[in-house]
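Dear colleague,

I am handing over the structure below, and I would be grateful if you could read the notes that follow it alongside the coordinates.

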Amino acid sequence: MGNLSKQLGLRIKELRKVKKLTQTQLAERIGMETTNLCKLENGGQLPKEENIEKIAKVLDVEIKDLFTFGHLKQGLELRKELLDIIKKATDNELELYYRLIIATKETGRI
């Protein structure tokens, strides 16, 4: 499958975890087999239109929110963007970024 299916799958997984649902719980609530939801989240298939609507409803988001994936970047792309931000930052900004990262790690939100 293409990039769209992978990004949509990652987004569904992300929103499911925000709602503290397991794959099984989400699958049951939308009337889908857990194995099929797993395939969706892994980008192996695109959901049918009616399932997109069900997923959005259960996750309490608008359909368009399922297709918001600009923040789903990984690995080298993230490193490059972060390094660019750091290179351009003032000393005060660097200190703030550092504190945010450390505070986030200490609270266990990463």
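Contact, as the word is used throughout this message, means heavy atoms within 4.5 Å. This is a predicted model, in which local features need pLDDT of at least 70 and side-chain atom pairs count only at pLDDT 80 or more, while totals for chains, interfaces and linings use all residues. Residues are numbered from 1 along each chain as its sequence is written, and side-chain values use heavy atoms, with hydrogens and water left out.

Let me begin with Leu66, which is found in helix α5; helices (H or I, at least four residues) and strands (E, at least two) are DSSP runs, numbered from the N terminus. Leu66 counts as buried because its relative accessibility is 1%, where buried means under 20% relative accessible area, exposed over 50%, and partly exposed in between (1.4 Å probe, protein chains only). Not counting residues up to four places away in sequence, Leu66 touches Leu8, Arg11, Ile12, Leu15, Ile52, Ile55, Ala56, Leu59 and Val61. With Ile12 in particular, the separation is 54 residues in sequence but 6.5 Å in space, C-alpha to C-alpha.

Leu66 also belongs to the largest nonpolar core, which has 16 residues and in which Ile12, Leu26, Leu37, Ile55, Leu59 and Leu66 touch the most other members. The elements that give two or more residues to this core are α1 (3-18), α2 (23-30), α3 (34-41) and α4 (49-58). Here a nonpolar core is a set of buried Ala, Val, Leu, Ile, Met, Phe, Trp, Tyr and Cys residues joined through side-chain atoms within 4.5 Å. In soluble globular proteins, nonpolar side chains tend to be buried together.

Turning to helix packing, α1 and α3 pack at an angle of about 115°, with their axes 7 Å apart; axes are lines fitted to C-alpha atoms, for helices over the stretch in contact, and angles run from 0 to 180 degrees between N-to-C directions. On the α1 side, Ser5, Gly9, Leu10, Ile12, Lys13 and Arg16 meet Leu37, Leu40 and Glu41 in α3. The residues of this contact divide into 4 nonpolar, 2 polar and 3 charged, where Ala, Val, Leu, Ile, Met, Phe, Trp, Tyr, Cys and Pro count as nonpolar, Asp, Glu, Lys and Arg as charged, and the others, Gly among them, as polar.

Gln23 lies in helix α2 and is partly exposed, with a relative accessible area of 22%. Beyond four places in sequence, the contacts of Gln23 are Arg16, Thr34, Leu37, Cys38 and Glu41.

Lys20, found in the loop between α1 and α2, has a phi near 55°, a positive value in a residue other than glycine, and counts as exposed at 72% relative accessibility. Asp60, placed in the loop between α4 and α5 (63-66), has a phi near 60°, again positive in a residue other than glycine, and is exposed, with a relative accessible area of 61%.

Finally, the largest pocket has a volume of about 230 Å³. On a 1 Å grid over the protein atoms alone, a pocket is an open set of points where a 1.4 Å probe fits, with protein on both sides within 12 Å along at least five of seven lines, and lining residues have an atom within 4 Å of a point. Grid points are joined across faces, edges and corners, and a volume is the space filled by probe spheres set on the points. The lining consists of Arg79, Leu82, Leu83, Ile85, Ile86, Leu94, Tyr97, Tyr98, Leu100 and Ile101, with α6 (75-88) and α7 (91-106) as the elements that give two or more residues to it. By class, the lining residues divide into 9 nonpolar, no polar and 1 charged.

With kind regards
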